[in-house]
Amino acid sequence: MKTLSFWFDPISPYAYLAFEHMPQALEGCSYAVEYRPVLFAGLLGHWGQKGPAEIEPKRAWTFRQAAWAAHSLGIPMATPAQHPFNPLALLRLALASAPAGGLPNRRVVELLMHHVWRGGADANDSLRLQALTEAVAPLRDPAGEQVKAELRAHTEVAIERGVFGVPTIELDGRSFWGLDALAMVRAALLGDAWFDGPAWDAAGQAPPGVRRRG
C-alpha cells in the first residue's frame, strides 16, 4: 500500500474538489492518505506568486472553471460569502484535532471543506466557527502556541519539498499539483511504466525561454 501526502488549504476550491473527488478518481487503487494542512499564502509569499483571487480576470476564470468542474463531477459547491479570507483559524483547528505532531483525519478535513464550500456563508463567521469547533472537538487549543508552531513547520516542510500550490499530492517523492493531476496519481499508483523510465525527469528539464527586452 502506498501513502499519499495531501497538502491542502481549505481556501482553495481545487483543494476542496480534489478532496471530494479523490475516492472516485483513485477507486481500485491501494493507498492511504496523510492530510497535511499548509498555509497557501505562505507558499505564495515564498515563491513570489500572486494568488488567483489577486488578479481580477484570473479570479473570475478560476471560479468559473471551478464551478464547471464541480458541476461536471457532481460535487456540490458554493463560493463562500467572502473570498479570499483568512484560513488560519481553520488550518489550526485541523491540527488541533490531533495529538501533538499528529495530522487531521478525513472526517475533520471534510468538516472544514464543507464549512467553506457548501452553503455560501462566511467561513470566518464567529458563530459558524464555534459550531465547527464543537463538531471537530479538538484535542488541543487551536489558538495555542504549539499548534501555531506546527502550522508554520508544515508550511516550511512543504516549501522544502517544492510544494508551490494546493492541492498537492506527494507520492514516492514526486509532487502532483491540482485537481487534474489525480489522473496522473492514479496512473502512478497502478504502476504505469511512464513513471519508471526517463520521461518524468526529462519533462521537468525543459529549458526556460529567453526573456526579450524592449
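Helices (H or I, at least four residues) and strands (E, at least two) are DSSP runs, numbered from the N terminus. The views show a predicted model, in which local features need pLDDT of at least 70 and side-chain atom pairs count only at pLDDT 80 or more, whereas totals for chains, interfaces and linings use all residues. Residues are numbered from 1 along each chain as its sequence is written, and side-chain values use heavy atoms, with hydrogens and water left out.

View A. Although Ala137 is not a glycine, its phi is positive, at about 55°.

**View C. The packing of helix 1 (residues 13–25) with helix 5 (residues 106–117).** The two helices pack at an angle of about 135°, their axes lying 10 Å apart (axes are lines fitted to C-alpha atoms, for helices over the stretch in contact, and angles run from 0 to 180 degrees between N-to-C directions). Helix 1 and helix 5 are therefore oblique to each other, given that angles under 35 degrees count as roughly parallel, over 145 as roughly antiparallel, 65 to 115 as roughly perpendicular and the rest as oblique. Their crossing is left-handed, a term used if the near helix is turned anticlockwise from the far one by less than a right angle, with right-handed used if clockwise. Contact (heavy atoms within 4.5 Å) involves Pro13, Ala15, Tyr16, Phe19, Glu20, Met22 and Pro23 of helix 1, together with Arg106, Val109, Glu110, Met113, His114 and Trp117 of helix 5. These contact residues comprise nine nonpolar, one polar and three charged (Ala, Val, Leu, Ile, Met, Phe, Trp, Tyr, Cys and Pro count as nonpolar, Asp, Glu, Lys and Arg as charged, and the others, Gly among them, as polar).

**View D. The packing of helix 4 with helix 6.** Here the angle is about 10° and the axes are 11 Å apart, which makes helix 4 roughly parallel to helix 6. The crossing of helix 4 and helix 6 is right-handed. Ala89, Leu90 and Leu93 of helix 4 meet Leu129, Leu132, Thr133 and Val136 of helix 6 in this contact, where six residues are nonpolar, one is polar and none is charged.
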